[in-house]
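Trainee: I would like to go through this model step by step. Please keep to what can be computed from it.

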Amino acid sequence: MKKKLFGLFIFWLLVCIILNFLNNNIKKDKGNIEKYSMQKENIVKQIEELTVENYNYDLINKVKVLYKDTGIIEEKKIDEYIVNVVAAEMPVDFESEALKAQAIVARTYTIYKVTKDKKHNDADICTDSNCCQAWISKEDRFEKWEESKVEKWNKLVSAVNETKGKYITYNGEIINAFFHSNSSGKTEKPEDVWGGSLPYLDVVETSGEENYTSYKSEMVVSKKDFINVLKDKFDSFEIDFENNDCIKIIDYTDSGRIKKIQIGNIIFSGTDIRKYFSLKSTNFSVEIREDDIIFYVLGYGHGVGLSQTGSDALAKNGFTVDEIIKHFYKNIEIHE
Ligand SMILES: [Zn+2]
C-alpha cells in the first residue's frame, strides 16, 4: 500500500514538472512572438517614415534597385548591391584600403539617396551613373577581366564585408559623399562646381595622383567647331584669333581650377566650358594653333570629395581606410 501511494506521488510529481515545463515554454514562445511583432512593427514604421535621423543600418539594410537596362526593380541587401557598385567604380587592382574607402563612400551615398534624395517612385536608386550610381553585373565584370576573375571578385566582396555597416556622418547626419576619379592634386569646393557649400568639403591636397593615366588628357577642337559650339550657346559670340588676348583666364577657384574664362567677347564659367567641349575637368589650359584649339587637361571629374586615384596613392603610402576617408571629408565621423 505504502509502495503504491509512493508510486502515485512520484507520478503526480512528474506530471507537475512536465506541465510546468510546458507552461513555461508556451510563455517563452508568446514572449518571443510579442518581441518579434514589436520588432517587425518598428521596422515597418521606420521604413514608412524613413529619414536620415531614424535610419538604422541593422534593421533597414535593403535597397530597391532599378536596373536601367531592363527597367526591373529588385530588392537587394545594401552590401550585396555595393559590391557591384565598387566593381563599376574602381579598378580592382587598386589597394584594398582604397577599395574599402570606395565601399564606405558608396554605402554612404546609397543611404543618402534612400533617405534624402530619392529620384524614383518605386525604387530607391538606379544603376545609371548619370542619374544615381554606377553598377555593373558580375557577369559583365567577369567578361572585362582577363584572368583571376574569382580572386578579383572576392577582393571586392572583402572590401565591402570588412567595412560592413560603416557610413559617414557629420553632426549625426549622413553626408553627401561626393567622389571623383582624379583630383590632379587638389580637390574642389562644391560651391565652385554647383554653388552651395558643405561644411565637410574643402580643398584637400593629395600627392601621387600624377602617376595615374586619368591625370593628363588633351582635347583637340578645330577652330571651326570651337566657334560653332560657342555661337550655338551665345548668338552674339565672336572671336578674333589674331588678337593675342582672345582667350584669357579671368579667375581661378581656390583649388586652381578655372572659374571664369573670357573667350572672344563672352565670359564663360570653367564648368560650362568643360561641359561644352567634354573636358575631363575644369583644370585646363588652352593653346591656339593654326587650325585647332587644344585643351590640356589635368585630373578627371568634378574634383569634389574623395578622389579615387588619390585614395589609392594614400593607401600605397600606408594610409588606412579611416585615414583616407578623414583626409577627404573633414570633421566627420565614421558610423559603425
Ligand atoms: Zn536614378
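Trainee: How many helices and strands does the protein chain have?

Mentor: This is a predicted model, in which local features need pLDDT of at least 70 and side-chain atom pairs count only at pLDDT 80 or more, while totals for chains, interfaces and linings use all residues. Residues are numbered from 1 along each chain as its sequence is written. Helices (H or I, at least four residues) and strands (E, at least two) are DSSP runs, numbered from the N terminus. On that basis the protein chain has 9 helices and 14 strands.

Trainee: What percentage of the residues in the protein chain is buried?

Mentor: A residue is buried if 20 or more other C-beta atoms lie within 10 Å of its own, exposed if 12 or fewer, and partly exposed in between, with C-beta atoms placed from the backbone. Of the 336 residues in the protein chain, the buried ones make up 36%.

Trainee: Among contacts between residues at least 6 apart in sequence, what percentage joins residues at least 24 apart?

Mentor: Two residues are in contact if their C-beta atoms, placed from the backbone, lie within 7 Å. For contacts in the protein chain between residues at least 6 apart in sequence, the share joining residues at least 24 apart is 65%.

Trainee: How are α2 and α3 oriented to each other?

Mentor: Axes are lines fitted to C-alpha atoms, for helices over the stretch in contact, and angles run from 0 to 180 degrees between N-to-C directions. The axes of helix α2 (residues 78-89) and helix α3 (residues 96-116) come within 9 Å and cross at roughly 120 degrees. Angles under 35 degrees count as roughly parallel, over 145 as roughly antiparallel, 65 to 115 as roughly perpendicular and the rest as oblique. That makes α2, relative to α3, oblique.

Trainee: Which residues make that contact, and how do they divide by class?

Mentor: From α2 come Ile78, Ile82, Val85, Val86 and Glu89, and from α3 come Leu99, Gln102, Ala103, Ala106, Arg107 and Thr110. Ala, Val, Leu, Ile, Met, Phe, Trp, Tyr, Cys and Pro count as nonpolar, Asp, Glu, Lys and Arg as charged, and the others, Gly among them, as polar. The contact of α2 with α3 therefore divides into 7 nonpolar, 2 polar and 2 charged residues.

Trainee: What is the handedness of the crossing of α3 and α8?

Mentor: The axes of α3 and α8 come within 7 Å and cross at roughly 140 degrees, so the two helices are oblique to each other. A crossing is left-handed if the near helix is turned anticlockwise from the far one by less than a right angle, and right-handed if clockwise. For α3 and α8 the crossing is right-handed.

Trainee: Which residues of α9 meet α3?

Mentor: α3 and α9 pack at an angle of about 60 degrees, with their axes 8 Å apart, and are therefore oblique to each other. On the α3 side are Glu97, Ala98, Lys100, Ala101 and Ile104. Their partners in α9 are Val321, Ile324 and Ile325.

Trainee: Where on helix α9 do its buried residues fall?

Mentor: The buried residues of helix α9 (residues 321-328) are Val321, Ile324, Ile325 and Phe328. Seen down the axis of α9, they fall within an arc of 95 degrees, the arc being that of the directions from the helix axis to the C-beta atoms. They therefore line one face of the helix.

Trainee: Is aspartate 322 buried, partly exposed or exposed?

Mentor: Aspartate 322 is found in helix α9. Its C-alpha atom is separated by 7.5 Å from that of alanine 101, 221 residues apart along the chain. With 15 C-beta neighbours inside 10 Å, aspartate 322 counts as partly exposed.

Trainee: Is serine 184 buried or exposed?

Mentor: Serine 184 lies in the loop between β6 (179-180) and β7 (216-222). Its phi is near 60 degrees, a positive value in a residue other than glycine. With 29 other C-beta atoms within 10 Å, serine 184 is buried.

Trainee: Is asparagine 171 buried or exposed?

Mentor: Asparagine 171 is found in the loop between β4 and β5 (173-174). Phi of asparagine 171 is near 55 degrees, also a positive value. With 10 other C-beta atoms within 10 Å, asparagine 171 is exposed.
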